[in-house]
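Here is my note on the model. Please read the points with the structure open beside them.

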Amino acid sequence: GKGPRPGPMEEDPGAPALGEVRVNLRDPSIRRFRALKLPVFVEDPHDGEALLGGSRPTREAVQHGASVGLSFRPADPLARRIEGRAQPSFAVVLRLRRRRGAAAPHAVDVAGLVDTSYAFDMLSDFQFLPSAVRGGPGLSSADVLETPPMTFCRHSQPIRGAFSEVDRAEAVDEAPTARNRRIISKRENVRFGEPIPRVPPPMPKTRKHNVRWAIQERLQWLLHQRPMWLRRLIAESPDLQHPRSHMTMTTLPFLTYIYRGGPWRKVLIRYGFDPPATKSAAVYQIVSVRFRRSAVRAAAQELRALLPNTGALDLTFDLDDMKVYCKPAAKPHVTSSMIVMFGARLRQQVAYQLCDLDDDAVRQVLRNATLSDTCDKECGFLTREKMEEVADVVRTLLNRRYMAMKDLARAGTLQPAPRPPASSVADWDARQLGGVARVAEVLGLGHAA
């Protein structure tokens with residue numbers, strides 16, 4: 001008719017009544033479905049299957065309980081896939097039959113229940129391809145400035161953030177509380193290109209009675225032998241494994257500063273040492289390797305599933321010595337599994353220093369490298385291609401060692417065992433400082449600073 005249409009929450013008086021439908025959720029005879037909540041409106045089912053990579057891979061992923069990937073541009077290799085994770089659902093699928101005649105009521109029955117649904121709640125990227133790729137004329141210098149970046153967001157999940165008027169790195173709380181002793185305050189953060197701090201800041205009086213001078217002397221010796229360290233490496237030193245190891249984190253701000261970005265980002269640097277002005281600092285450059293978070297987690301769970309009788313144990317799969325170490329879980333019903341390579345736990349992003357990649361394949365790549373006389377903000381004294389090649393070698397080593405460990409687990413020769421006691425301080429120092437000497441020799445530096 002010509003009258004106003006009913007709203008979304010209003011009832012159309014001309015529509016036939018559907019009646020009442022009752023269903024028993026525990027009835028085993030009811031058919032079970034699994035739903036995919038696509039973030040797009042799909043008119044043709046074949047187009048929806050193309051976004052998911054095909055019906056067969058999607059069906060296999062759903063049957064094995066894995067995540068389902070979706071790409072808005074399946075033919076574009078630069079497009080990032082978003083993952084749909086399984087979550088419980090209590091939806092009901094109804095079958096509606098329309099009968100002839102305006103006065104005849106519709107027939108409604110229960111077709112099945114949706115017990116699992118896949119929701120694609122990750123952030124999607126919106127990429128703009130240059131006109132040269134789309135087939136048009138090339139971009140001019142003016143058009144480049146107006147072209148949006150290819151990827152707007154680096155994170156897949158929303159991150160909670162809040163603005164603060166006071167920088168956490170520069171805030172100092174003089175209250176001698178237990179919480180204050182564990183906060184790293186007065187940390188010097190330097191951006192690339194800024195002058196480096198030559199003298200450490202004075203230590204507050206409330207801190208001096210909390211510092212263990214033996215730990216401070218040990219840290220000073222380590223920084224004298226090697227001026228740049230990752231924090232996790234210093235924490236692994238055998239003589240710093242103390243119940244009050246947070247003293248190490250409290251003392252380091254008064255011995256080292258940190259680069260916020262550049263080729264030495266998040267590296268502890270000795271006061272007075274200027275990496276961009278020192279060519280031998282190339283051995284301490286950072287190589288970042290990124291993985292999909294779900295892939296690393298699934299790999300650790302797959303290795304754990306191949307080992308029998310690992311119920312109440314936390315497992316560490318060490319790809320350096322091809323062994324698996326175990327320890328009793330803090331909570332028997334909550335266990336963890338992680339993979340370690342080159343002394344670092346694999347996460348979504350792992351950072352290594354060149355001197356810590358103790359492998360012949362990495363040194364073979366660096367043997368053909370040519371150091372620049374000037375330091376670049378992104379790749380330091382090496383070229384971008386060389387740093388990416390090193391990252392590719394690390395990924396290849398990870399895949400090979402991971403497959404070799406899977407073969408050992410399937411063969412039954414990989415048995416969990418407690419981790420042996422830590423090596424002596426002299427052995428640990430020789431291993432850490434020896435890697436610096438080997439990489440410096442490969443790069444033709446003779447010896448590093």
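1. Asp356 and Arg226 meet side chain to side chain in a salt bridge, at 3.4 Å from N to O. A salt bridge here is a side-chain nitrogen of Lys or Arg within 4 Å of a carboxyl oxygen of Asp or Glu. Asp356 sits in the loop between strand S14 (349-353) and helix H11 (360-367), and Arg226 in the loop between helix H7 (213-225) and strand S6 (228-229), so the pair ties together parts that are 130 residues apart in sequence. Asp356 counts as buried at 12% relative accessibility. Arg226 counts as buried at 0%. The cut-offs are under 20% relative accessible area for buried, over 50% for exposed, and partly exposed in between (1.4 Å probe, protein chains only).

2. A word on the basis. This is a predicted model: local features need pLDDT of at least 70, side-chain atom pairs count only at pLDDT 80 or more, and totals for chains, interfaces and linings use all residues. Residues are numbered from 1 along each chain as its sequence is written, and side-chain values use heavy atoms, with hydrogens and water left out.

3. The overall picture. The protein chain has 13 helices and 14 strands. These are DSSP runs numbered from the N terminus: helices are H or I of at least four residues, strands E of at least two. Of its 449 residues, 37% count as buried. Take contacts between residues at least 6 apart in sequence: 64% of them join residues at least 24 apart. Contact means heavy atoms within 4.5 Å. The chain exposes about 28000 Å², and carbon and sulfur atoms supply 53% of that area. Areas come from the Shrake-Rupley method with a 1.4 Å probe; for residues, only the protein chains shown count as cover.

4. Other salt bridges. How many does a search of the whole structure find? The search finds 17. Arg97 pairs with Asp109, with the closest N and O atoms 3.2 Å apart. Arg97 is partly exposed at 44%. Asp109 is partly exposed too, at 24%. Arg191 and Glu194 also meet in a salt bridge, at 3.8 Å from N to O. Arg191 has a relative accessible area of 46% and is partly exposed. Glu194, at 35%, counts as partly exposed. There is also a network of salt bridges, linking Asp358, Asp360, Arg363 and Arg438.

5. Asp429 lies in helix H13 (residues 425-442). Is Asp429 buried or exposed? At 10% relative accessibility, Asp429 counts as buried. Its side chain makes a polar contact with the side chain of Arg218 at 2.7 Å. A polar contact is a pair of N or O atoms within 3.5 Å; within protein, one must be able to donate a hydrogen and the other to accept it, and residues adjacent in sequence count only if both atoms are side-chain atoms. Leaving out residues up to four places away in sequence, Asp429 touches Arg218, Trp221, Leu222 and Gly434. Glu83 is in strand S3. Glu83 counts as buried at 11%. Beyond residues up to four places away in sequence, Glu83 touches residues including Ser67, Phe120, Met122 and Arg292.

6. Surface. Val21, Val23, Leu25, Phe90, Val92 and Leu94 make a nonpolar surface patch of about 540 Å². Patches are made of residues with over 30% relative accessible area and no salt bridge; like charges are joined within 9 Å, nonpolar side chains (Val, Leu, Ile, Met, Phe, Trp, Tyr) within 5 Å. Val23 lies in the segment before strand S1 (32-37). Val23 is partly exposed, at 33%.

7. The 28 residues of helix H12 (residues 384-411) should span 40 Å at 1.5 Å a residue; the end C-alpha atoms are 41 Å apart, which agrees. The expected span is 1.5 Å times one less than the number of residues. Just after H12, Gly412 takes a positive phi of about 85°. Asn309 is in the loop between helix H10 (293-305) and strand S10 (313-318). Asn309 is exposed at 77%. The C-alpha atoms of Asn309 and Pro416 are separated by 9.6 Å, with the two residues 107 apart along the chain.
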